[in-house]
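Let's take a friendly walk through a protein model. Have the sequence and the 3D view open as you read.

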Amino acid sequence: MTRTPLLFIFLSIHIVINGKLDVNSDFWAATDALGRKLHEYNTSDKNKTVIMFYWTWHQQSDATASNSEPKSISQILHKHPEALTDMNHPAWREKSPGNYYYWEEPLFGYYRTTDKWVLRKHAEMLADAKIDAVFFDCTNGSFTWDESTDALLETWDKAQKDGVNVPKIGFLLPFGAVSHSLVSLRHLYQRLYKPGKYSNLWFYWKDKPCIMAYPDNLTDSQEDKEIRHFFTFRPGQPDYVNGPSKNRNDQWGWLENYPQHGYINNGNGDCELVTVGIAQNACPETKGHCSAFNKPGAHSRSYTYKNGFDKRNDSYLYGANFEEQWSRAYELNPQAVFITGWNEWTAGMWTKKDGWTGEPFSFVDEFDWDRSRDIEPVKAWGNKGDVYYLQLIEHVRKFKGTQKQARPSEPKKIHLKNFNEWHDVNPFYASYRGNTAHRDELGKSNIHYIDNSGRNDITGGKVARDRKYIYFFVETAQDLTPISDKNWMMLFIDTDRNKATGWEGYDYVVNYTAPLKGNAFLQQNNGNKWTWSNGIPIAYYCKENKLALRIPRKIFGRQGNKLNFEFKWVDNMQDEGNVMDFYISGDTAPGGRFNFVFQEQ
């Protein structure tokens, strides 16, 4: 009989008590609504960096504030296709050009980027995607969106303390050494960087905080000298075609047509950065340079340089443009990629008098389901709303590699009422703590969002097994709420790791029917939809913040074979049968569409 070292027992106890430790999405599985699985890439390159373009401008002081309600271009044109050729159509709300519209509604609603509930969701989703940094869009005038920046930094600082490996932050200032760029640069230095505000969240490059700004018009004043030596400057190159300016070797890009250029050759054939986009508002008429997204031939989500446009009705879902852009990044093998983008969402309606050539108007940066470039999940796409998020994760995994999950510890019988028996069971399936705060926030145009579904804060769990049973353990940050609560601590199990069987791949659920008379209930899915069989009683035990249950091994259909299944803990699901609710309601471990994996070697 082998003995477990005391130090190992101590560390195991520490991990169970402090479940915020070691949350690592490399170990998780997911299959999107198109059937595309995330893969493991069992090499890990710590020298690869992924940067995401991020918009903080969704705050009440922007141009949409006075509108009676946010409007989606896609929804307007679905109901009124004739509005595409009539800028005076009532569907445009009889507003003058220059008003801002959404290309579609985000999954979290028409939020402001001062909404800390949403900002926490973003922190976890981007961390789970292994995004290293976000750069805020401050390219317009001298706007730096301080109200949103403050809310984000406060929220992400707390998330970091809760164990979330949040992206670091930087700023992309105007595309040139113009006067308002210098105003923003000095403002950010004095307001944020010089006093060391949230320095734990700064993105460093070449051993200094990185900013995408032009240092060219800094003066010889003491303040400007400090600024010049404080940052690593990487001025932004705006053009989609030409690549880095010939007279300088310090620029980074943000978006280009395929085949993208490499920015800043490092001397050994590789480069510092390559841009990767979802789509590009460029078209043949402008020879690939920036244009309106509603112009014919715009480089949409379904467009590729090599094959043209995918003609399927739902081609916008497959991300052909994104795939081709990533293929170029792999070819150039840079240190970093800059992805456009996460959450831009809005676009102004402009006319020829504003300098744009679309007819009868131009939507420059966003337009509709195909001609848009946000990765953040979309409400209107239903269970396909996160296809770009999962596609992003797949490519980041391929670019950076993944770590391999530790092997399960040896088989062991567990007595459910003795939680000490879990101490030497591994691995620990960690989940974020501190993410069940309620939402009570104003959205755009004074929409009021309330979400009180946060309840039991799941911090992690374990799996054990013997010849007869599979045992599951889960713990929460505080004592569990009563077992009579609706949708209390549900356990979803995908026994065959096949999304085609069961509801969203889940073959069984525990606790959909509340425990009763000392038994929990295991229910089998009745065939892909949200329908579940009458429950099979199973043993369970809960006390304070811990829950354990026992399921007959024969349920997994692998007697004599090695176990290989996925599972997920969910508390307080609100929209039953909607997998996208895993991103929104209550708490899930792991987040969103992800599942934990138990696999015997």
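Is E504 buried or exposed? E504 is buried, because its relative accessible area is 17% and the cut-off for buried is under 20%. Keep in mind that this is a predicted model. E504 sits in the loop between β22 and β23 (508-510), and its phi is near 50°, a positive value in a residue other than glycine.

**Backbone features in loops**

M489 also has a positive phi, of about 45°, although it is not a glycine. You can find M489 in the loop between β21 (469-476) and β22 (490-494). With 0% relative accessibility, M489 counts as buried.

| Residues joined | Bond | Omega |
|---|---|---|
| T340 and G341 | cis peptide | about -5° |
| E359 and P360 | cis peptide | about -10° |

G341 belongs to the loop between β14 (336-340) and β15 (346-350), while P360 is in the loop between β15 and β16 (362-363).

**A buried threonine**

Next, look at T144, in the loop between β3 (133-137) and α4 (146-161). T144 is buried, with a relative accessible area of 5%. Which residues touch T144, if its neighbours within four places in sequence are left aside? They are C138, T149, S184, H187 and L188. T144 and H187 are 43 residues apart along the chain, yet their C-alpha atoms are separated by 8.7 Å.

**Two helices side by side**

Packed helices are described by the angle and the distance between their axes. For helix α7 (residues 320-332) and helix α8 (residues 387-400), the axes come within 11 Å and cross at roughly 10°. Angles under 35 degrees count as roughly parallel, so α7 is roughly parallel to α8. From α7, the residues in this contact are F322, E323, W326 and Y330; among their partners in α8 are Y388, L392 and F399. The contact residues divide into seven nonpolar, two polar and two charged.

Strands β5, β6 and β7 form an open sheet in the order β5-β6-β7, with mixed pairing. Its edge strands are β5 (204-205) and β7 (232-233). Strand β6 (residues 208-211) runs parallel to β7, and two bridges join them; C210 stands opposite T232 in β7.

In soluble globular proteins, nonpolar side chains tend to be buried together. Here, the largest nonpolar core has 144 residues, and I169, Y389, F472, I551 and W569 have the most contacts inside it. The largest share of this core, eight residues, comes from α8. Another core, of 15 residues, lies apart from it and includes I73, I76, L77 and W92.

Conventions
Residues numbered from 1 in each chain as written. Predicted model: local features only at pLDDT ≥ 70, side-chain atom pairs only at ≥ 80, totals over all residues. Heavy atoms only, no water. Axes fitted to C-alpha atoms, helices over the stretch in contact; angles between N-to-C directions. Helix = DSSP H or I, 4+ residues; strand = E, 2+ residues; numbered from the N terminus. Parallel < 35°, antiparallel > 145°, perpendicular 65-115°, else oblique. Contact = heavy atoms within 4.5 Å. Nonpolar A, V, L, I, M, F, W, Y, C, P; charged D, E, K, R; others polar. Buried < 20%, exposed > 50% of the residue type's maximum accessible area, 1.4 Å probe, protein only. Pairing = 2+ DSSP bridges. Core = buried A, V, L, I, M, F, W, Y, C linked by side-chain atoms within 4.5 Å.
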